Amino acid sequence: MLCRVADSLFWMSRYIERAESTVRLLDVTLQSLLETEHSTEDIDYSLWRPLLASLGDQELFESLYTEKRSHHVTEFLLFNKENPSSVFSTVAVARENSRMIRDQISSEMWEVINRLYLFLKNSDPELITREMNFSFFQQIKEYSLLFQGITEATFLHKLGYEFIICGRQIERADKTCRILDTKRLMISMSDEVDDVVDTAQWAAILRGCSAYEAYHRVFADEIEGDLVKTLLVLSRDFPRSVLFSITRLQTALHAISKCPTTHFVNEAERLVGLLISRLQYSTPKDLAGDKVYPLLGLIEDELGEIAVALSDTYMFSEIVDPAAEVAETTA
Amino acid sequence: MFESDGSVRPHYKNLLERFNELSEDEFHQKKSAVDLSFLHQGITFTVYGDSESTERIFPFDMVPRVIPNTEWKHLERGLEQRIRALNLFLHDVYHEQKILKDKIIPSELVLGAKHFRKAFMGIDVPRDIYIHICGTDLIRDDKGDYLVLEDNGRCPSGVSYMLENRQAMKRAFPRFFPSAGVKSVLDYPQRLLSALRHIAPNGNPNPTVAVLTPGVYNSAYFEHCFLARQMGVEIVEGRDLVVSKDDCIYMRTTEGLKQVDVLYRRIDDDFIDPEVFRKDSLLGVPGLVRAYQKGNLGLANSIGTGVADDKVIYCYVPAMIKYYLGEDAILPNVETWLPFRDVDLKYTLENMENLVVKAANEAGGYGMIIGPTASKKELEEFRAKVKAEPRNYISQTPISLSRHPTYGDEGFDGRHIDLRPYIICGEDVNIIPGGLTRVALRKGSLVVNSSQGGGSKDTWVLNADE
C-alpha cells in the first residue's frame with residue numbers, strides 16, 4: 001500500500017470519528033449546563049470557557065468573535081470554517097482525504113462521507129445554533145456510525161482496514177478521556193455541586209459516551225462517579241472505554257506489522273503495549289476522586305506520541321535508495 | 001435529430017416514440033434523479049477561480065445523440081487513419097525529420113512549436129507509439145458532414161463522463177435502453193489497460209501499471225480515480241514516486257519501494273519532471289524523464305506529443321496522411337488560415353469579425369475570439385495580439401455546429417453540439433463506439449467546454465442504421 005494512501009485512510013477515519021466526538025462533547029456539555037440554566041441563551045460565556053480551553057480553542061474563539069454568546073460558541077464548534085477542529089472543518093478534511101483515495105475505498109464509503117459533507121454544508125448554522133437542535137447531533141452521530149458500518153461491510157479487511165481502525169481508535173480513546181474531563185471543568189464552574197446536579201452531570205457523561213444502558217447492566221446501581229470512571233477507562237467490554245479502544249488499536253498495529261502482540265517491532269507498538277499494561281493493572285481505586293484527572297492527561301499525551309510513531313513508521317518512510325541499500329549490504 | 005425539412009431522421013424514430021410516451025413531469029423526475037446521483041457520487045469537476053463552490057456536477061442532458069452504424073463506420077476509418085499518421089509524424093520529427101526535409105511542413109513551424117521537445121530527439125519509445133490515447137473533436141457542418149476541429153494528443157479528458165453518462169441513461173430508461181440496439185462503451189478501461197500493458201519495458205508480460213495524477217485539486221481528479229479503479233491499478237501522485245540511481249521508478253509503499261513499469265500520466269509535459277521541464281513543479285517526479293529515456297518506463301502519452309496537436313500543425317494533418325500513408329484524408333479539417341503566412345495574416349486581420357481566431361496552444365475555450373459576437377474593442381485587442389505573434393494563431397470560418405434537441409429550463413430546445421470520440425492505440429487501434437457529446441447549454445452559444453457552461457449527453461452508436 002502506498003504510504004500516502006495509508007496516511008489518508010488513517011486521517012479519513014480519524015476525522016470522521018473526531019466529528020462525532022466533538023458532537024458528543026458538545027452534547028454532554030450542553031445537557032449538563034441545562035441542568036442549571038434555563039435555556040441555551042442563558043448560558044454565560046464563562047461557563048463555556050473551560051470546554052474551549054480543554055480543546056485548546058479558547059484563544060482562537062476569542063480572536064474570531066467579538067460578541068460571545070452561547071450560540072456563538074456552538075457555531076464555532078460546529079460550523080466555523082476558520083476553526084480547523086469544527087465539525088464542518090473535520091468533515092471537510094475527512095472528505096478531502098477520502099477523495100484522494102476514492103479508487104481505494106468502496107463507493108458506499110465515499111458516498112456517505114460526501115452526503116455528510118453536503119448535509120453540513122446545506123444546514124443553516126443560524127437556525128441550528130440559536131435554538132439548540134439535539135436531533136442535529138443525533139444525525140451527525142448516525143452518519144459516523146453508518147460510515148463505520150459500511151466500512152465494516154464493504155471494505156476489504158486487509159492492510160488498509162487496519163489503518164482505518166488505528167485512526168478511529170486513537171481518536172476514540174482520546175475523546176473518551178476528554179469527555180470524562182468535562183466533569184472536572186463542570187466542578188470548577190459552580191462552587192456548590194449538590195448531589196442532584198452531580199448525578200445529572202455523570203448521567204450526561206454516560207449518555208455522551210452512549211454508555212448509559214451499559215452502565216446499568218454492569219453495575220445495576222445508582223449513578224456514582226467512581227463507577228462511571230471505572231466503566232469508561234478500565235472496562236474490557238465496553239467499546240468506547242479507553243482500555244477497550246487501545247486494545248483494539250494494538251490488534252490493528254500488530255496486524256499491520258504481522259508481529260505477535262507479545263513482542264514489538266516499532267515504537268508505536270511499544271508505547272501501546274506499555275499503556276495497555278498500565279491500564280490492565282490499574283484498579284478502580286487508582287481512579288478515585290481527583291486521581292483520575294492526571295491519568296487522563298497522561299493517556300492523552302501517550303496517544304499523541306503513538307500517533308506520531310505510527311506516522312513515522314508507515315506514512316513518511318524515508319526514501320531508501322534500493323541501489324545504495326544493496327551496496328551497503330554487500331559492503 | 002431532424003432533417004432540414006423537419007422530418008425525423010430514421011435512426012431517431014425509436015427514441016422519439018419512447019420519449020413521446022413520457023409526460024414532461026416524468027421526464028423531469030428522471031432528470032432530477034440523475035443529477036442527484038451525480039452529486040452524491042461526487043461526479044464533479046472543479047472550476048478554477050471560484051473559491052466558494054469549486055465543485056460542480058457536469059451538466060447532463062437526457063436526450064442522447066444517436067449515430068447510425070454506417071455513419072460511425074466512416075468516422076472509425078477516418079479516425080484510425082488520422083492516429084496512424086500522427087504517430088508516424090511524431091516518430092519522424094523526433095528522428096530523421098524527413099517530412100521537414102521534403103518541405104511538406106515548414107520546419108520552423110515544428111522546431112519552433114511550443115510543445116516540441118528537443119530533449120527527445122533520437123529517443124526511441126516503446127513500440128514507436130507516441131499517442132496512446134487521443135480525443136479528437138469532431139463537428140458536423142450544415143451539409144451533415146463530419147469535420148475534425150482539433151486533435152487532443154496530450155492528456156485528453158472526459159472519458160469518465162462518457163462512461164457515467166451511459167450508466168445514467170441505463171438507470172433512467174431501464175426498459176427502453178436494452179431494446180435500443182446501442183453498442184457498448186463499457187470495456188474502455190480494459191482496452192486502455194491492455195494498451196498500457198503493451199508498452200511495458202522489455203516486453204514484461206506482467207507489468208505494474210499506475211495512473212499518475214497531479215492530485216485531488218486537479219479538475220479531472222475524479223476521472224483519474226475512476227479510471228484507476230476501473231482498471232484495478234494504483235493511482236499515484238508525484239510524491240509517491242522516486243527514481244533511484246538505477247534509473248528505475250518506484251512507488252513508496254508501507255512495505256518499502258515497489259517498481260512501476262508503466263505510467264498513464266495525466267500531468268502535462270511541463271510539470272512531469274522538474275529536472276528537465278519546469279524547475280518549480282512540485283507535481284512531477286525528478287528523474288522520470290531519465291527513467292523513460294533509459295527505457296525503464298512505459299509512458300502514455302509519450303512526451304512531446306503536443307507538437308502534433310498544435311493548432312497550426314493541425315492544418316498539415318491531411319498532408320501528413322498523404323505523405324506517410326499515401327491516402328487522402330477521410331475526415332476533412334475545418335478550413336483554416338495560418339497568419340504566419342502574410343496572405344493569411346492580411347485576410348485574418350481584415351475579416352476578423354467574420355472569423356473564429358484561436359491561439360495555437362490553448363485549450364478549454366480560452367484564448368479565442370468568435371468574431372461575429374465580439375465587440376469592436378475585443379476585436380481590436382485580438383488584432384494586436386495576432387499581429388504581434390502571427391505564428392501563435394489560426395483563424396477559421398465559424399462552422400454553425402449542428403444543433404440537437406436538449407432539455408433545459410424552458411423544456412426542449414435546440415443547442416449546439418460537438419463530438420469527442422476516444423481512440424486507443426495499443427497493439428491495434430481501438431475506437432470506442434460513442435464518445436463524449438458536448439453541448440453548449442447556453443442558447444446560441446458555440447462554446448461547449450465544461451469550464452464555460454457546457455454540458456454533455458450520452459452518445460449512442462447503433463448496431464444498425466435505424
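Entry 1: I began with L241(B) and looked for its bridge partner, which is M251(B) in β9(B). This is a predicted model, so I kept that in mind throughout. The strands behind that pair are β8(B) and β9(B), residues 249-253, and they run antiparallel with three bridges between them. Stepping back, I found that they belong to an open sheet of three strands in the order β8-β9-β10 (chain B), paired antiparallel. I then asked which strands stand at the edges. They are β8 (241-243) and β10 (256-259) of chain B; each has a single partner strand, so one side of each has no neighbour in the sheet. On average, neighbouring strands here are turned by 40° against each other, direction ignored.

**Entry 2: the four-stranded sheet of chain B.** Next I turned to another open sheet, this one of four strands, with the order β7-β6-β11-β12 (chain B) and parallel pairing. Its edge strands are β7 (234-236) and β12 (298-300) of chain B, each pairing on one side only. From one strand to the next, the twist averages 25°. I picked out β6 (residues 209-212) and β11 (residues 262-265) of chain B, which pair in the parallel sense over four bridges. Within that pairing, V211(B) sits opposite Y264(B) of β11(B). I also noted a helix on this sheet: α8 (residues 221-231) of chain B packs there and touches β6 and β7 of chain B. The direction of α8(B) makes about 150° with that of β7(B).

**Entry 3: two helix pairs in chain A.** A reminder to myself: two packed helices are described by the angle between their axes and the distance between the axes.

I took α1(A) and α10 (residues 195-208) of chain A to begin with; their axes come within 9 Å and cross at roughly 160°. An angle over 145 degrees counts as roughly antiparallel, so that is how α1(A) and α10(A) run to each other. Their crossing is right-handed. Among the residues making the contact are R24(A), D27(A) and V28(A) from α1(A), and V197(A), A200(A) and Q201(A) from α10(A). By class I noted five nonpolar, five polar and three charged residues in the contact of α1(A) with α10(A).

Then I looked at α14 (residues 267-280) and α16 (residues 292-314) of chain A, which pack at about 160° with their axes 8 Å apart. That angle makes α14(A) roughly antiparallel to α16(A). Is the crossing left-handed or right-handed? For α14(A) and α16(A), it is left-handed. The contact includes L271(A), V272(A) and L275(A) of α14(A), with I299(A), I306(A) and L310(A) among those from α16(A). Its classes are eight nonpolar, one polar and three charged residues.

**Entry 4: where the chains touch.** The contact draws 24 residues from chain A and 22 residues from chain B. On the side of chain A, the elements giving two or more residues are α1 (3-36), α5 (87-100), α6 (107-122) and α17 (322-330). Of these, α6(A) gives the most, with five residues. I sorted this side by class as 13 nonpolar, three polar and eight charged residues.

**Entry 5: confidence in chain A.** Lastly I checked the pLDDT: the mean for chain A is 88, and 92% of its residues reach 70 or more. Over residues 318-331 of chain A, though, the pLDDT is below 50. That stretch still has eleven contacts in the model beyond near neighbours in sequence.

How values were computed: Residues are numbered from 1 along each chain as its sequence is written. Chains are lettered from A and ligands numbered from 1 in the order in which they are written. This is a predicted model: local features need pLDDT of at least 70, side-chain atom pairs count only at pLDDT 80 or more; totals for chains, interfaces and linings use all residues. Two residues are in contact if their C-beta atoms, placed from the backbone, lie within 7 Å. Ala, Val, Leu, Ile, Met, Phe, Trp, Tyr, Cys and Pro count as nonpolar, Asp, Glu, Lys and Arg as charged, and the others, Gly among them, as polar. Two strands pair if DSSP finds at least two bridges between them. Axes are lines fitted to C-alpha atoms, for helices over the stretch in contact, and angles run from 0 to 180 degrees between N-to-C directions. Angles under 35 degrees count as roughly parallel, over 145 as roughly antiparallel, 65 to 115 as roughly perpendicular and the rest as oblique. A crossing is left-handed if the near helix is turned anticlockwise from the far one by less than a right angle, and right-handed if clockwise. pLDDT is the predictor's confidence in each residue, from 0 to 100.
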